[in-house]
Amino acid sequence: MGTNHKLILGSCTSMAELSSGSVHLMVTSPPYFNAPFDYKGLFKSYEQYLNILRHFAQETHRVLQSGRIVVLNIDDMLIDGEKFPIVADATKIFQEAGFRYRDRIIWKKPDGYLRISRRSGVVLQNPYPMYFYPDNLLESIIIFQKGKFNYRSIPQSVREASKVDTKEFQEKKWYMTLWEMNNVMPGSPLEKDIAAFPEELPYRAIKLFSYKGETVLDPFAGSGTTMKKARELERNSVGFEIKKSLLPIIKEKLGFHGGQGNLFSNRNDQFEIITRQTDNYEYLRANQRA
Ligand SMILES: C[S@@+](CC[C@H](N)C(=O)[O-])C[C@H]1O[C@@H](n2cnc3c(N)ncnc32)[C@H](O)[C@@H]1O
């Protein structure tokens, strides 16, 4: 049996295409508040950014089945010497949307991580007090739950087919609140100019919090990393992405580009695209300029 993958090119502040309770797991990384490279000017203020998170949290609560999990990769943002407490604010927003705050995992990138600016270097140039800002090697992965999960609702055969590999669980230390994972290298062809997370992140989330044949949602799909892992792990997926121009990247990453290197040619997987006309980045930018 094949899996279904649906991409909606539009903003996840409304998920009108999805019926209530139709999703089993949400894994995502929202845009960083005013990160210079990809979102410059997308948010007029921090309050506007938090409002987008509010709509997305409320819609996620609606579309998620009762008992199910949200995995949110997010972090505080330092802009002009001021740190915006995004993790704390997002936690509050998800609680207010009706979720229970269940856990927090810290993702540690390798020492010498390339993408960050070397803020600590300022002290080397000015070895005096008051010049210190540390280099940030960490991001948060916050986990929420909608009510209580009914373990008996899953047929025994599906439980067995979705079993967690305990050897991998122990060897890769999934059991700790510290996950050491490599970041995506800048300049990787399918993630260029996209703040993509490593495949390992949705891979762990999907294995730990969903069963085969279920539906995984990524409302900020980016290059489609979550959707790709969902397909590989025999789950269905739904993605929202505001930037229409990412469609070819997403198609290729998921293996639906029709050319050589297509994944799973032996499976009858389906890919559906829904394009909203005015609810996208290109339209908004063009109309802001006009
Ligand atoms: C941090 S990136 C996600 C990267 C993704 N995890 C990956 O591995 O490629 C956030 C994405 O959210 C998109 N985005 C921003 N605002 C959005 C919105 N309101 N609705 C849907 N997508 C949005 C951006 O265009 C960007 O591609």
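Reader: How do the residues of the shell around the ligand divide into nonpolar, polar and charged?
Author: There are 12 nonpolar, 6 polar and 2 charged. Ala, Val, Leu, Ile, Met, Phe, Trp, Tyr, Cys and Pro count as nonpolar; Asp, Glu, Lys and Arg count as charged; the others, Gly among them, are polar. One caution: this is a predicted model, where local features need pLDDT of at least 70, side-chain atom pairs need 80 or more, and totals for chains, interfaces and linings use all residues. Numbering starts from 1 along each chain as its sequence is written.

Reader: Which residues are closest to the ligand?
Author: Ala196, Phe220, Gly222, Ser223 and Thr225. In total, 20 residues surround the ligand, each with its C-beta atom, placed from the backbone, within 6 Å of it.

Reader: New topic. Which residues of helix α8 are buried?
Author: Ile249, Ile250, Lys253 and Leu254, in a helix that covers residues 247-254. Buried means 20 or more other C-beta atoms, placed from the backbone, within 10 Å of the residue's own. Helices are DSSP runs of H or I, at least four residues; strands are runs of E, at least two; both are numbered from the N terminus.

Reader: Where do they sit on the helix?
Author: Down the axis of α8, they fall within an arc of 120 degrees, so they line one face. The arc is that of the directions from the helix axis to the C-beta atoms.

Reader: And what comes after α8?
Author: Glycine 255, with a positive phi near 85 degrees.

Reader: How many helices and strands are in the protein?
Author: The protein has 9 helices and 11 strands. Of its 290 residues, 31% count as buried.

Definitions and conventions: Buried ≥ 20, exposed ≤ 12 C-beta atoms within 10 Å, placed from the backbone.
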